[in-house]
Amino acid sequence: MDTHHWRKSSYSGDAANNCVELTRTPDTVLLRESDEPQTVIATTPAALRALVRAVRAGRFDQLSR
């Protein structure tokens, strides 16, 4: 049974099954896609912050070309 309180991304709008969700444990951040809730990625808060900074800076933009 999943006892975590998952929070939906504000960028997801009203989409029921098309969003990223996160929750925290004392040492990790857990992420999942709402349409595949059984697949969970665990990371540290510092690693997630670094990823968000890199995405915002455009470091992955060339991957979409």
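Modeller: Let us begin with what a helix is here: helices are DSSP runs of H or I with at least four residues, and they are numbered from the N terminus. Please keep in mind that this is a predicted model.

Colleague: What makes residues 45-56 a helix, and where does Arg-49 lie?

Modeller: Helix H1 covers residues 45-56, and a DSSP run counts as a helix if it has at least four residues, so this run carries the label H1. Arg-49 lies in helix H1, and Val-55 is found in helix H1 as well. The chain has 1 helix and 4 strands, and read along the sequence these elements follow the pattern β-β-β-β-α.

Colleague: Why is Arg-49 called partly exposed?

Modeller: Its relative accessible area is 48%; buried would need a value under 20% and exposed a value over 50%, so Arg-49 falls in between and is called partly exposed. Arg-49 also belongs to a patch of positive charge on the surface, where it gathers with Arg-24, Arg-53 and Arg-59.

Colleague: How do you know that Glu-21 and Arg-32 form a salt bridge?

Modeller: The closest N and O atoms of Glu-21 and Arg-32 are 2.6 Å apart, and the rule asks for a side-chain nitrogen of Lys or Arg within 4 Å of a carboxyl oxygen of Asp or Glu, so the pair meets the rule. The pair links distant parts of the chain, with Glu-21 in strand E2 and Arg-32 in strand E3 (residues 29-33), 11 residues apart. By this rule the count comes to 1 salt bridge.

Colleague: Are Glu-21 and Arg-32 buried or exposed?

Modeller: Glu-21 has a relative accessibility of 14%, and Arg-32 has a relative accessible area of 14%; since buried means under 20%, both residues are called buried. In the chain of 65 residues, buried residues make up 22%.

Colleague: What makes E1 and E4 the edges of the sheet?

Modeller: The sheet is open, with 4 strands in the order E1-E2-E3-E4 and antiparallel pairing. Strand E1 (7-8) and strand E4 (36-43) each have a single partner strand, so one side of each is left without a neighbour in the sheet.

Colleague: How do you know that E1 pairs with E2?

Modeller: There are 2 bridges joining E1 to strand E2 (residues 20-24), and pairing needs at least two, so these antiparallel strands count as paired. Within E2, Leu-22 is the bridge partner of Arg-7.

Key
Residues numbered from 1 in each chain as written. Predicted model: local features only at pLDDT ≥ 70, side-chain atom pairs only at ≥ 80, totals over all residues. Heavy atoms only, no water. Patch = residues over 30% accessible without salt bridge, like charges linked within 9 Å, V, L, I, M, F, W, Y side chains within 5 Å. Areas by Shrake-Rupley, 256 points an atom, 1.4 Å probe, with all protein chains shown as cover. Lys, Arg positive; Asp, Glu negative; His and termini not counted. Charge placed at Lys NZ, Arg CZ, Asp CG, Glu CD. Buried < 20%, exposed > 50% of the residue type's maximum accessible area, 1.4 Å probe, protein only.
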